[in-house]
Amino acid sequence: WSNLGLPLIELANRRKIIMVSPSLGVAKFNESSPYLFNTWPHDALLSESLAAYVYAQGRKVVALVGAEHVWVKEQTNAFKARFEQLGGKIAYLTEPLPGTTDVRADALQIARTPGLDAVVSTSDGGNSQTFIISPPTSACVKPNSEFSTSCNNCFAVRAVAIAAVASLSMV
């Protein structure tokens, strides 16, 4: 609920109202006002840890799927910065608008990106979880959105489709 909580910064400062959030994980919320307190740690710390985990698993070249949403962008930026700091490479980055349902262009681009070890999504519907989808032997989504096992290297379609569907709750 970061997109709803961040506008409260100005209100808290103007009225000098103390506010406590049990769950807003965007750093800007409590770091922008002496009146705002967060009992939840910054979620970007988890995304940085995920980057270290992905890298430690030997996955050095990834596609990163985020979303044009304040919370997800913070997670995407944190993952990207830490992963690259460790020596990893983000071969493809996409941040579709929340509510996007046609992800074929991104999925095709990911599928055509050479050398990917994994697809990492920081877009999960706002539940502070991030997941990795590794390339399976075969899996694909047909144009009518049914899953198929007949095409090669189409793991990206599933990854972007999952991320896009997850972002629907962020509208």
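Which residue stands opposite V65 in strand 4? In the predicted model, in which local features need pLDDT of at least 70, side-chain atom pairs count only at pLDDT 80 or more, and totals for chains, interfaces and linings use all residues, that residue is T94. Residues are numbered from 1 along each chain as its sequence is written, and side-chain values use heavy atoms, with hydrogens and water left out.

Helices (H or I, at least four residues) and strands (E, at least two) are DSSP runs, numbered from the N terminus; two strands pair if DSSP finds at least two bridges between them. Strand 3 (residues 61-65) runs parallel to strand 4 (residues 89-94), with five bridges joining them. Strand 3 is also parallel to strand 5, to which four bridges join it; here V65 stands opposite S121. Strand 3, helix 5 (residues 70-85) and strand 4 form a right-handed β-α-β unit, the path from the first strand over the helix to the second running clockwise with the strands pointing away from the viewer.

In strand 5 (residues 118-121), A118 and V120 point one way, V119 and S121 the other, and all are buried (under 20% relative accessible area, 1.4 Å probe, protein chains only).

Conventions
Buried means under 20% relative accessible area, exposed over 50%, partly exposed in between (1.4 Å probe, protein chains only).
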